[in-house]
Amino acid sequence: MDDPVHGMKALHEAVTTARQGLPTDPLAALHTLRLLRDTLAAWEPELIAAARLDGTSWAALAPALGVTSRQAAERRFLRLQPTTTGETTGEARIDAQRDRRAGDRAVADWARRNAATLRKLASHAATRLTDTDTADRLDEALAHHDPTTLLAPLAAAHPHLADHHGDLADQIDAITDHTTALRRQAGEQRRQRRA
């Protein structure tokens with residue numbers, strides 16, 4: 001709806017007119033109501049995301065959303081989110097998001113346990129890269145305290161290393177394959193516990 005304020009005024013007038021028993025066009029009003037409802041529904045996840053970016057907790061959002069717990073607030077947000085990965089229902093989006101989080105936790109745990117290996121590999125890769133942007137991203141990740149930040153720049157370095165530094169490219173491949181398997185296993189384990 002281009003002008004929700006105008007739509008609200010038109011709806012208010014239609015309802016007031018109908019209550020007074022005067023002639024009105026209820027079909028036009030219902031059409032406007034549906035458009036307005038769709039517009040408001042599209043705004044809600046945007047406002048929730050903005051609140052989260054501002055640091056608002058799920059617990060603080062719950063009353064504003066008319067729910068009683070932080071879990072319910074997060075579920076509402078996930079159900080409202082537009083899908084980009086093929087989930088067709090709100091519950092499927094919730095499950096997919098929880099699978100992603102379980103995978104992220106599994107990969108982060110593994111990366112922290114293998115931080116020294118990851119840092120050594122990233123350091124070797126950075127010194128052998130001829131693509132300066134990729135090398136800069138690796139250097140930035142090396143400066144970060146969390147070793148999980150090394151995984152994406154390492155994967156991005158792979159194509160630049162494959163031709164002349166196959167051993168490094170193979171090590172990066174092995175890590176990428178391993179973290180992909182960790183993500184899949186974590187999602188499967190979460191679904192098994194739920195079943």
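**Exercise 1. Which residues of the largest nonpolar core touch the most other members?**

Before we start: this is a predicted model, where local features need pLDDT of at least 70, side-chain atom pairs count only at pLDDT 80 or more, and totals for chains, interfaces and linings use all residues. Residues are numbered from 1 along each chain as its sequence is written, and side-chain values use heavy atoms, with hydrogens and water left out.

*Step 1.* Know the term: a nonpolar core is a set of buried Ala, Val, Leu, Ile, Met, Phe, Trp, Tyr and Cys residues joined through side-chain atoms within 4.5 Å. Buried means under 20% relative accessible area, exposed over 50% and partly exposed in between, using a 1.4 Å probe and protein chains only.

*Step 2.* The largest core has 22 residues, and Trp110, Leu118, Leu138, Leu154 and Leu161 touch the most other members.

*Step 3.* At least two residues of this core come from each of helices H5 (90–113), H6 (115–128), H7 (132–143), H8 (151–161) and H9 (166–194). Helices are DSSP runs of H or I with at least four residues, numbered from the N terminus.

*Step 4.* Now spot the separate second core: its 10 residues include Trp58, Leu65, Leu78 and Ile94.

**Exercise 2. Find how helices H3 and H4 are arranged.**

*Step 1.* The axes of H3 (residues 58–65) and H4 come within 7 Å and cross at roughly 70°. Axes are lines fitted to C-alpha atoms, for helices over the stretch in contact, and angles run from 0 to 180 degrees between N-to-C directions.

*Step 2.* H3 and H4 are therefore roughly perpendicular, a label for angles of 65 to 115 degrees.

*Step 3.* Look for contacts (heavy atoms within 4.5 Å): Trp58, Ala59, Ala62 and Leu65 of H3 meet Arg70, Ala73, Glu74, Arg76 and Phe77 of H4.

**Exercise 3. Describe the aromatic pair in this structure.**

*Step 1.* Searching the whole structure gives 1 aromatic pair. Rings of Phe, Tyr and Trp (its six-membered ring) pair if their centres lie within 6.5 Å; planes under 30 degrees apart are stacked, over 60 edge-to-face, and the rest tilted.

*Step 2.* The ring centres of Trp58 and Phe77 are 5.6 Å apart with planes at 45°, so this pair is tilted.

*Step 3.* Trp58 sits in H3 and Phe77 in H4, so the pair ties together parts 19 residues apart in sequence.

**Exercise 4. Is Glu74 buried or exposed?**

*Step 1.* Glu74 belongs to helix H4 (residues 70–80).

*Step 2.* Glu74 counts as buried because its relative accessibility is 9%.

*Step 3.* Not counting residues up to four places away in sequence, Glu74 touches Trp58 and Arg101.

Note on methods
Parallel < 35°, antiparallel > 145°, perpendicular 65-115°, else oblique.
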